[in-house]
Amino acid sequence: MLLLALDTATPAITVAVHDGTDVIASSSQVDARRHGELLLPAVDRVFAEAGLKLDAVTGIVVGIGPGPYTGLRVGLMTADTFGLALGVPVHGLCTLDGLAYASDIDGPFVVATDARRKEVYWARYADSRTRLTGPAVDRPADIAEQVAGLPAVGAGALLYPDTFPNAHEPQHVSAAALAALAAEKLAAGEELPAPRPLYLRRPDAQVPKNYKVVTPK
Amino acid sequence: MADEPLVLGIETSCDETGVGIVRGTTLLADAVASSVDEHARFGGVVPEVASRAHLEAMVPTVDRALKEAGVSAKDLDGIAVTAGPGLAGALLVGVSAAKAYAYALGKPLYGVNHLASHICVDQLEHGALPEPTMALLVSGGHSSLLLSTDITSDVRPMGSTIDDAAGEAFDKIARVLNLGFPGGPVIDRYAREGDPEAIAFPRGLTGPRDPLYDFSFSGLKTAVARWIEAKRAAGEEVPVRDVAASFQEAVVDVLTRKAVRACKDQGVDHLMIGGGVAANSRLRVLAQERCEAAGIRLRVPRPKLCTDNGAMVAALGAEMVTRGRPASSWDLSADSSLPVTDPHVPAPTHDHVHEVSGENLYS
Ligand SMILES: [Zn+2]
């Protein structure tokens, strides 16, 4: 097994190569505005570091969000196209699951990322491998009761200490964790989600009212 | 000819997911998936709706284009993609796909200009572009008069709209007339049964002191809307066919008059017309008449090549390969306001990315 994992659903541009047992090489950068520019060079770097070529991969794993749309699509489109060109399967994984896996917390906890517009993408976990609810998008104040007393990880949790007083690292998802989680699930014969985006919001679009009258009154 | 470059082009600057394949100046495939129906109820293109649709449509459209062309991806000589101008989020989907495809196949990537592509597509229809060529590009997003002596390196803006694009005016008037979206085809259809001289609508920027090659359609749009509202206020029926014909005549009169004038002034004897509005039947007829009268050869591609498509991007990409232009680097960005004067986005001269990813990765 040789997996390429990538995630651009959050401000992190993160890439990893995993051989089924270990992460061979990885790269993580945080730049909310340059997913499109940074992802391919990162893939190139990671393969160079691994001493491998892209065509050696047996599968692609991509974070499907939730995340602000523009960046999210960069990873999904890249993964889809790699899959097309190489003829290998493309698997999706919830980005929050990657963060949960990396948190290594045993008991119940919450993962929250920044959804902008004063909202968070969030999900509740029983342990680092088991999601209980979500993902959903909400205002932190509106979910305060549901997350009260729980430890929390992710940039969304760190951003709103009133709602998440027990917030801590990791702040960003890493493709290394995503790849390790996928390798574990695939080895166990689990089916991974399709690589389709979790937008969780409808597109912003107003149906125009009747056209504007231009005759001066 | 087998030694001409085989190039796949990807276009996602607006609401069409286009994937085209060309060999030199020969069109092999032109696959387009449009999200126009999803925008219709909004009365215009909604960027986020377009971006979502591009992501869904891309892989199936690439597949379809390869099948249509009957070629194998590994035989491609390059991947071209619209790097701009256009809707930022929409462009980014295409650029991401093109980069990943080029990288995975080990092919050079060419980020090209959407406007230059609209001009270059005519090579697929009428053979090599004459040099120089004057180009009138008219669509819902652009109205420009461009002069090119070499489509891969020299595109000069002569004039452009100072307010609305011509296609936008069609959309707005169609909305005032309750004819739906997009407005171009439906206005064209009604206009065929109307009298273009029934109503004298204004011709923007045609006064003696006005800029020679710039356009303005905002005043015309307002005048037409006012005329219709006055009719309605008076309780009279609006003569939709005559309004459509007279409005359309005002638009194409100015477009063709200024384009022919630019050709004469610059001593250019070829005019090409591209963009979605180039599908307008009256524009094609009037341009033909006026060009003939002025001794100018008119080149207008078939309507499907005038609207946004991947073949036009492939056509310009193939020309980049033919003329040995440098490829783009892996950090190519989508540039929503890419200047028309940049026909492509070559890698910086010291391109470490390509040095790393060349021989050692695909040897
Ligand atoms: Zn266009």
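Visitor: How are the donor residues of the zinc ion spaced in sequence?
Guide: The pattern is H-x3-H-x23-H-x165-D. Bear in mind that this is a predicted model.

Visitor: Which residues and atoms are those?
Guide: His114(B), His118(B) and His142(B) each coordinate the zinc ion through NE2. Asp308(B) coordinates through OD. The distances run from 2.1 to 2.6 Å.

Visitor: Why is the arrangement around the zinc ion irregular?
Guide: Look at the angles. The 4 donor atoms subtend 86 to 160°, and that makes the arrangement irregular. Four donors count as tetrahedral only if all angles lie between 85 and 135 degrees.

Visitor: What separates His114(B) and His118(B)?
Guide: About one helical turn, because they are 4 residues apart in helix α4 (residues 114-120) of chain B.

Visitor: Buried or exposed, those two?
Guide: His114(B) and His118(B) are both buried.

Visitor: Switching to domains. How is chain B divided?
Guide: Domain 1 of chain B is 6-121 + 309-345, and domain 2 is 131-301. Their C-alpha centres lie 27 Å apart. The contact takes 22 residues from domain 1 of chain B and 18 residues from domain 2 of chain B.

Visitor: And how is chain A divided?
Guide: Domain 1 of chain A covers 3-95 + 173-187, and domain 2 covers 96-168. The C-alpha centres of these two lie 23 Å apart. Domain 1 of chain A gives 15 residues to the contact, and domain 2 of chain A gives 14 residues.

Visitor: Now helices. What span should α12 of chain B have?
Guide: Helix α12 (residues 310-322) of chain B has 13 residues, which at 1.5 Å a residue should span 18 Å. Its end C-alpha atoms are 18 Å apart, which agrees.

Visitor: How many of the residues of α12(B) are buried?
Guide: 11 of the 13, so α12(B) is largely enclosed by the rest of the structure. Among the buried ones are Met312(B), Leu316(B), Glu319(B) and Met320(B).

Visitor: What touches Pro343(B)?
Guide: Leu316(B) and Met320(B) do, and so do others including Val112(B), Asn113(B), Ala116(B) and Thr152(B). That leaves out residues up to four places away in sequence. The C-alpha atoms of Pro343(B) and Thr152(B) are separated by 5.7 Å, though the two are 191 residues apart along the chain.

Visitor: Where does Pro343(B) lie, and is it buried or exposed?
Guide: Pro343(B) lies in the loop between α12 and α13 (352-357) of chain B. Its relative accessible area is 5%, so Pro343(B) is buried.

Visitor: Back to chain A. What about helix α2 (residues 69-86)?
Guide: Its 18 residues should span 26 Å at 1.5 Å a residue, and the end C-alpha atoms are 26 Å apart, which agrees. 14 of the 18 residues are buried, so α2(A) is largely enclosed by the rest of the structure. Gly87(A) follows α2(A) and has a positive phi, near 70°.

Visitor: Which residues touch the most other members in the largest nonpolar core?
Guide: Leu4(A), Leu6(A), Phe82(A), Leu8(B), Ile21(B) and Tyr101(B), out of 65 residues in that core. Helix α3 (residues 88-105) of chain B gives the largest share, 11 residues. There is also a second, separate core of 53 residues, including Leu177(B), Val252(B), Ala259(B) and Val300(B).

Visitor: Which residues other than glycine have a positive phi?
Guide: Asp104(A) has one, about 60°. Asp104(A) lies in the loop between α3 (95-103) and β6 (109-114) of chain A. Its relative accessibility is 65%, so Asp104(A) counts as exposed. Leu200(A) is another, with phi near 65°.

Visitor: Where does Leu200(A) lie?
Guide: In the segment after α6 (175-187) of chain A. Leu200(A) is partly exposed, with a relative accessible area of 34%.

Key. Residues are numbered from 1 along each chain as its sequence is written. Chains are lettered from A and ligands numbered from 1 in the order in which they are written. This is a predicted model: local features need pLDDT of at least 70, side-chain atom pairs count only at pLDDT 80 or more; totals for chains, interfaces and linings use all residues. Side-chain values use heavy atoms; hydrogens and water are left out. Donors are N, O and S atoms within 2.8 Å of the metal (3.2 Å for Na, K and Ca); water is not among the atoms, so sites may look incomplete. Four donors count as tetrahedral if all angles lie between 85 and 135 degrees; four count as square planar and six as octahedral if opposite donors are over 155 degrees apart and all others between 65 and 115; anything else is irregular. Helices (H or I, at least four residues) and strands (E, at least two) are DSSP runs, numbered from the N terminus. Buried means under 20% relative accessible area, exposed over 50%, partly exposed in between (1.4 Å probe, protein chains only). The expected span of a helix is 1.5 Å times one less than its number of residues. A nonpolar core is a set of buried Ala, Val, Leu, Ile, Met, Phe, Trp, Tyr and Cys residues joined through side-chain atoms within 4.5 Å. Domain bounds come from an automatic or database domain assignment. Contact means heavy atoms within 4.5 Å.
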